[in-house]
Amino acid sequence: MLTQRPRGMHDILPQEASLWHEIEEAARRICARYGFSEVRTPILEHTELFQRGVGENTDIVEKEMYTFNDRGGRSMTLRPEGTAGAVRAYVEHKFYGGPQPVKWFYLGPMFRYERPQAGRQRQFHQFGVEVFGVADPAVDAEVIALGLDFVEDIGLKGLRLELNSVGCSQCRPVYRERLLAYYRPLREQLCEDCQDRLERNPLRLLDCKRETCKALAQRAPRIGEALCDECRAHDEGLHRHLDAAGIAYEINPRLVRGLDYYTRTAFEVVEEGIGAQGTVLGGGRYNGLVEELGGPSVPGIGFAAGLERLILALEQRRGEGASEAGVDVFGIALGDEASVELTGWLRRLRALGCRAERGFEGKSLKAQLKAADRLGARWALILGEEERRRGVVIVKDLTGGEQRELPALELESWWKETEHGTGR
Ligand code: ATP
Ligand code: MG
């Protein structure tokens, strides 16, 4: 137990960190382009927030939450997703009173007690965005475009965008009745979960992953035919915006978010290569959620992308091997006095932006050169006792092997010229 991480939770080791940085930087870069600002909410929230905000009839709330009582006896939950916390912050800090839309993004860990497998973990990371305060389908199109720009920016091309409308509180009840009428006679053929969900939340049956349920869902009535005029107009408006932006989409009538406060647009971005857990990004409009969580009636829309799944897809396409951090200078001291002096030189070089490493414990010149090589250092600075007494240092080019002597006092100007010369 002591030396084993919890099941479904992963260490992101230094050799993987640069890929994570790339992805996080891409998220920030694209959000800046679209005018989204970062929000950071707590990783723990009151359990009721998720019960209300994610919904009692969801897998997340029914069986996936990490919930516990804190020392004051209050039920707390590790956030399983980011929208509920963002909505809470929007309401708590009264952003609805300011100019709309409010456009936020978040990045960070989420927790769900699921069966771990490729692309499914118990701690995973999401990049997500939320837009509050505007119901115009132009916003839906911007949110979708942002999501696609993000996945393309990190190097994934040719992903499939699936789109649907789930209607609203006017038209969905009518559709729900049609679904019930279709499914009730088929009850015996449904999986146990779906039999269970049938009366409570028949829309959820449409995205069951079991083969028999999938086959039945294929022939189920489609929500597109049941939409009210406003929902249809919104949907058609979104299609026109997407067409104008050159964004291709596929209508998937079985793409649903089963809860009452999800309205109209639902979408997913699917990557074919990574198998069963192929949905890398999912989102939708939630015009009833802010009110459900104690705020005024304010429309909203957002998405969340699973970063581990994006990394899986990237690794498959690129082959492994994120780039190493890189080292400019490796300092080699031979002897105690030289070692002390090197400490001073390296600190001054680092202050100039030089990425500097050094050898420790008085290892031999050969061993230290090997260490420099292993790190891929560009230059070695060699300071032996004799050089130290003469006030010089040896600069060795580790790519060409050439070396020269330099007055130690000129090291900083040497670095400035070198850095300039390499155009870094
Ligand atoms: P799934 O159907 O795969 O369980 P979901 O509907 O639960 O997905 P959302 O709640 O919409 O997923 O979360 C958005 C994205 O977060 C998913 O598309 C996926 O990329 C990622 N994600 C969700 N759950 C996990 C998990 N347990 N491990 C890794 N990534 C996850
Ligand atoms: Mg899930």
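## Helix H1 against helix H11

Axes here are lines fitted to C-alpha atoms, for helices over the stretch in contact, and the angles between N-to-C directions run from 0 to 180 degrees. In this predicted model, helix H1 (residues 14–34) packs against helix H11 (residues 307–318) at an angle of about 115°, and the two axes lie 11 Å apart. Because angles of 65 to 115 degrees count as roughly perpendicular, H1 and H11 are described as roughly perpendicular to each other.

H1 passes H11 in a right-handed crossing. On the H1 side the contact is made by Leu19, Trp20, Glu22 and Ile23, while H11 contributes Leu307, Glu308, Ile311, Leu314, Glu315 and Arg318. Sorted by class, this contact of H1 with H11 holds six nonpolar and four charged residues, with no polar ones.

## Helix H1 against helix H5

H1 also packs with helix H5 (residues 137–153), where the axes come within 9 Å and cross at roughly 145°. This crossing of H1 and H5 is right-handed. From H1 the contact draws on Ile23, Ala26, Ala27, Arg29, Ile30, Cys31, Arg33 and Tyr34, and from H5 on Glu142, Ala145, Leu146, Asp149, Phe150 and Asp153. By class, the contact of H1 with H5 comprises nine nonpolar and five charged residues, and again no polar residue.

Ile23 of H1 is named both in the contact with H11 and in the contact with H5.

## Backbone features

Most residues other than glycine have a negative phi, and most peptide bonds are trans. Against that background, Gln100 and Pro101 are joined by a cis peptide bond, with omega about 0°; Pro101 lies in the loop between helix H4 (83–92) and strand E5 (102–111).

Arg264 is found in strand E9 (residues 263–270) and is buried, with a relative accessible area of 15%. Glu361, by contrast, sits in the loop between strand E13 (356–358) and helix H13 (365–374), and at 72% relative accessibility Glu361 counts as exposed.

## The chain as a whole

The secondary structure of the protein chain comes to 15 helices and 16 strands. The C-alpha trace spans about 95 × 50 × 45 Å along its principal axes, and the chain has a radius of gyration of 28 Å, whereas a compact globule of 424 residues would have one near 22 Å.

Of the 424 residues, 49% count as buried. Among contacts between residues at least 6 apart in sequence, 69% join residues at least 24 apart.

Methods: Residues are numbered from 1 along each chain as its sequence is written. Chains are lettered from A and ligands numbered from 1 in the order in which they are written. This is a predicted model: local features need pLDDT of at least 70, side-chain atom pairs count only at pLDDT 80 or more; totals for chains, interfaces and linings use all residues. Side-chain values use heavy atoms; hydrogens and water are left out. Helices (H or I, at least four residues) and strands (E, at least two) are DSSP runs, numbered from the N terminus. Angles under 35 degrees count as roughly parallel, over 145 as roughly antiparallel, 65 to 115 as roughly perpendicular and the rest as oblique. A crossing is left-handed if the near helix is turned anticlockwise from the far one by less than a right angle, and right-handed if clockwise. Contact means heavy atoms within 4.5 Å. Ala, Val, Leu, Ile, Met, Phe, Trp, Tyr, Cys and Pro count as nonpolar, Asp, Glu, Lys and Arg as charged, and the others, Gly among them, as polar. The radius of gyration is taken over C-alpha atoms; the globule rule is 2.2 Å times the number of residues to the power 0.38. Buried means under 20% relative accessible area, exposed over 50%, partly exposed in between (1.4 Å probe, protein chains only).
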